[in-house]
Amino acid sequence: MVRRLQDVEITLAQPPLACCCPCCCSKIKLTHQHIHRLRLVVLQSALIQPLTLFIASILWTDGVYIPAYISKTSAFLYLTLISLISTLVGVYGLTVFYKVSIEPLKKYWIKEKFIALKIVMIVPNVQTLLLAILVRSKVIKCIAPFSASLVSSIIYNALVICEMFILIASSRYVIYKLRQRNRRRRESSLLELQNMIVPQQQTGCTKVKFNQGSKDEINDVIASDEMKAPEGSRIVRYIETDV
C-alpha cells in the first residue's frame, strides 16, 4: 500500500471533524508511521465502544446509570457523548483512508462499502442521543408497566433491527448490480480484444498495438477472478510478454 501511494499527498482536513479547518490540517505523504497512526484512530472505536457498554452495565447495577436520562450528574449523558465522539473520530480515520484509496480500490466498490460502514457507525449512536432528548422533553412517555426510558430502549432496538435489515438488503442488491455490470464490461473487453488480435499465418504469432488505456483495461480483464482467457492462449501469451 505504501509503495502504491507513496507519491500521493493526502489532506487531513476531512469530515466529519476537520473538514472546516483546512488551514490547521497540513497535507502529508503516506508512510508506515502515518498508516499506523490512522489505524489507531480507527481501531480506538472498537475498544472504546465495548468499554463504555461495560462501564454502563456496572453503573446500571448500582442504580447510577439510567438509560435515556439526561442531567448534569447523569452517567448516561457522559458515556453516550464519549461513545459518539469515539465514533466520529473513527469515521474521520476511515474517511482519510477512503480519500486516498478510492482510485486504487475503485474496482472493489469501496465507495458503496464505505457509505454502508458510515451508516452502521453513526446512525445508532445518534439515535441513542435523540431518543434521550425526546424522553427528556417528555415526547416519549411511559406506557404502563414500562417507564419512559425503557420505552425509548424498545424503540431504539426496534429501529436498529429494521435499519440493519434494510441496509443488508440494499447492500446486497447494490453489490449484485455492480458485479453484473463489471462482468458485462469484462466480457465486452475480452470480446473486443479477441476481435483486435489478427493472427499472422506465416509467423504464428500476434502483433497488435495497444495504447495505455487498452493495456489497463486488458490487465483488469486478465486479473479478474470471474473472467479469464484460457491459460496458454495467444491472448494471454501476448499480454504477459508484450503488454
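Thr31 sits in the loop that links strand 2 (27-29) to helix 2, where helices (H or I, at least four residues) and strands (E, at least two) are DSSP runs numbered from the N terminus. This is a predicted model, in which local features need pLDDT of at least 70 and side-chain atom pairs count only at pLDDT 80 or more, while totals for chains, interfaces and linings use all residues. Residues are numbered from 1 along each chain as its sequence is written, and side-chain values use heavy atoms, leaving out hydrogens and water.

**The whole chain**
- The chain holds 7 helices and 2 strands, in the order α-β-β-α-α-α-α-α-α from the N terminus.
- Of the 243 residues, 33% are buried (under 20% relative accessible area, with exposed over 50% and partly exposed in between; 1.4 Å probe, protein chains only).

**Around Thr31**
- Thr31 is partly exposed, at a relative accessible area of 32%.

**Around Thr52**
- Thr52 belongs to helix 2 (residues 32-61).
- With a relative accessible area of 9%, Thr52 is buried.
- A polar atom of the Thr52 side chain lies 2.7 Å from the backbone oxygen of Gln49.
- Beyond its neighbours within four places in sequence, Thr52 is in contact (heavy atoms within 4.5 Å) with Leu79, Ile82 and Ser83.

Technical notes: Polar contact = N/O pair within 3.5 Å; in protein donor to acceptor, adjacent residues only side chain to side chain.
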